[in-house]
Amino acid sequence: MRGRIVTMDKDRTVIDDGMAVSRAGRILAVGPRAEIASRFRCDQVLGDAHSIIMPGFIDAHTHCTQCFVRSLTSGELPMIPRIYSPAQRSLNAEQAATTVRLIAAQLLRSGITTMCEGTLNPAHEPAIVEAIEETGIRCVMARGAADQDFHHAALYSQITDRSWYKAREGQAEKELLATEDFLKRHPARGEGLIRGAVNVSALMNFSEAYFKGGAELARRHDATIQVHIGRDREEVEFCLAAFGRRPIERLADLGVIDEHLVAVHAVLASEKEIELLARGGAGLAHSPVECVANLNAIPNLPRFRASGIRVALGCDNQANDIFVNMRAAWLIHGAKWGVSSYDAEFLSAGEIIDMATIEAASVLRCDDLVGSLEPGKAADMVVLDGSGPHMMSSQHLSSELLRYASRAEVKSTIVAGKVLYSDGEFPTIDIERLREEATAGARFVRDVVADRRYRPLPAW
Ligand SMILES: [Zn+2]
């Protein structure tokens with residue numbers, strides 16, 4: 001790979017006329033072109049004098065099986081249990097595999113080489129694994145299945161009603177054994193394309209036994225445990241009614257806040273709850289576009305970072321484009337925290353790119369393998385075209401990448417040394433077949449959720 005190399009190493013070294021060499025899926029060397037060219041003879045060189053070479057980007061949160069239904073959720077508040085969940089449940093295994101190919105194609109097209117998938121349906125799991133391996137995208141895959149019934153008494157029904165929960169006997173043990181089996185097949189610190197993780201999706205539908213067992217499992221396998229937490233007001237209300245605690249306080253009571261925890265969203269984390277996450281060393285998966293899509297809240301990201309909490313950016317099936325999500329992080333936090341205090345340093349461009357590369361890798365516990373271009377790491381890279389007029393007169397690369405670069409700059413996306421996207425071509429994905437299957441999938445879920453929408457789709 002030849003070009004301006006953005007290593008994302010500890011010193012955030014940028015090599016202006018550099019080369020990165022890989023062999024057998026690993027990075028062999030990174031350095032000035034003259035030096036590398038004298039040491040190695042390369043069979044194939046990607047990039048040129050105008051290219052920008054970066055570590056592959058990371059999407060730290062998604063659920064592939066949501067992707068057929070995406071535009072039907074726009075403006076339909078609240079949409080998660082009402083539209084997303086039934087649409088996901090309705091898919092067969094073959095359709096679930098199509099959603100993986102569809103998401104993978106979108107992510108690879110935007111330079112993402114690692115995604116983090118959360119599954120809750122064991123019936124979809126084998127097809128999802130097979131489709132990930134077939135596309136060749138790297139994946140941290142958090143698997144789990146809910147084991148608790150619950151009822152949320154909403155605002156006006158609380159006069160006569162109360163929220164409740166009831167664990168389904170024996171199910172936590174059974175599902176945690178399945179997760180352990182998954183972790184043995186896909187070790188969390190292994191060399192494979194898929195690294196396993198523990199999905200304990202939410203406090204309403206996963207029991208106390210599941211949380212405690214899941215946290216223990218994560219520690220034993222050095223895996224992440226991924227929990228949607230502080231996501232919406234209903235969850236906060238439920239936790240106050242059922243446990244007498246706010247969501248993150250409840251997590252602390254259950255003993256799951258440590259460096260293995262990926263707190264997903266946490267948009268409604270209070271000051272005290274941010275402190276609990278910081279003290280435990282947890283990471284945050286933050287999906288900026290999703291914040292505006294579901295309008296629950298915008299987290300106090302500067303405060304999270306000032307507390308030392310590591311942050312990873314996720315697309316969460318919104319745009320499925322890391323450049324859009326990085327720019328959204330800049331704009332929503334700029335509007336909320338920068339503008340209000342006339343402070344340009346609310347979040348730097350470099351920090352936002354960290355959150356899509358090396359810092360995301362740390363949150364997902366795979367910074368030993370990905371997130372930066374350093375010898376020994378996986379050859380997961382993206383070649384950007386830096387020749388356009390909007391990238392000329394370069395002064396400060398991180399600012400320019402954040403403000404001006406887009407998916408259109410992505411020339412090639414490489415995972416483990418294999419080119420998975422290059423100049424419009426996807427060598428591992430049959431795009432015409434994908435188009436047919438994705439169109440059929442969209443039609444299918446439209447019928448599934450038709451009666452669940454509150455309003456017809458607007459004409460325009
Ligand atoms: Zn999620």
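## Domains

The domain assignment divides the protein into domain 1, made of 2–55 + 374–422, and domain 2, covering 57–363. The model is predicted. Taken over C-alpha atoms, the centres of domain 1 and domain 2 are 30 Å apart. Each side brings residues to the contact: 28 residues from domain 1 and 28 residues from domain 2.

## The sheet with strands E1 to E4 and E15 to E17

Seven strands make up an open sheet of mixed pairing, ordered E3-E2-E1-E4-E15-E16-E17. Its edges are strand E3 (26–32) and strand E17 (418–422); each has a single partner strand, so one side of each has no neighbour in the sheet. On average, and ignoring direction, neighbouring strands here are turned by 35° against each other.

Strand E2 (residues 14–23) pairs with E3 in the antiparallel sense, over six bridges. Within this region, Val-21 has Ala-29 of E3 as its bridge partner.

Helix H15 (residues 397–404) lies across strand E1 (2–6), E2, strand E4 (51–55) and strand E15 (381–385), with a direction at about 90° to E4.

## The sheet with strands E5 to E7 and E10 to E14

A second open sheet has eight strands in the order E5-E6-E7-E10-E11-E12-E13-E14, and its pairing is parallel. Strand E5 (57–62) and strand E14 (310–313) are the edge strands; each has a single partner strand, so one side of each is left without a neighbour in the sheet. Neighbouring strands of this sheet are turned by 25° against each other on average, direction ignored.

Strand E7 (residues 138–143) and strand E10 (residues 194–199) run parallel and are joined by five bridges. Arg-143 has Val-198 in E10 as its bridge partner. Helix H6 (residues 208–221) packs on the sheet, where H6 touches E7, E10 and strand E11 (225–229). The direction of H6 makes about 140° with that of E11.

## The interface between the domains

About 2300 Å² is buried between domain 1 and domain 2, and carbon and sulfur atoms give 63% of this area. Of the area that domain 1 buries against domain 2, Met-8, Leu-402 and Arg-407 supply 29%, more than any other three residues.

Four salt bridges are counted between domain 1 and domain 2. Eleven residue pairs are in polar contact across the interface, with both residues at pLDDT 80 or more. On the side of domain 1 that touches domain 2, the elements giving two or more residues are E4, E15, H15, E16 and E17. H15 gives the largest share of that side, with six residues.

## Salt bridges

The structure as a whole holds 39 salt bridges. One of them links Asp-354 with Arg-12, where the closest N and O atoms are 3.0 Å apart. Asp-354 belongs to helix H13 (residues 349–354) and Arg-12 to the loop between E1 and E2, so this pair ties together parts that are 342 residues apart in sequence.

Arg-26 also forms a salt bridge, with Glu-191 as its partner; the closest N and O atoms of this pair are 2.1 Å apart.

Notes
Residues are numbered from 1 along each chain as its sequence is written. This is a predicted model: local features need pLDDT of at least 70, side-chain atom pairs count only at pLDDT 80 or more; totals for chains, interfaces and linings use all residues. Side-chain values use heavy atoms; hydrogens and water are left out. Two strands pair if DSSP finds at least two bridges between them. Helices (H or I, at least four residues) and strands (E, at least two) are DSSP runs, numbered from the N terminus. Axes are lines fitted to C-alpha atoms, for helices over the stretch in contact, and angles run from 0 to 180 degrees between N-to-C directions. Contact means heavy atoms within 4.5 Å. Domain bounds come from an automatic or database domain assignment. Buried area is the accessible area (1.4 Å probe) that two parts lose on being put together, summed over both. A salt bridge is a side-chain nitrogen of Lys or Arg within 4 Å of a carboxyl oxygen of Asp or Glu. A polar contact is a pair of N or O atoms within 3.5 Å; within protein, one must be able to donate a hydrogen and the other to accept it, and residues adjacent in sequence count only if both atoms are side-chain atoms.
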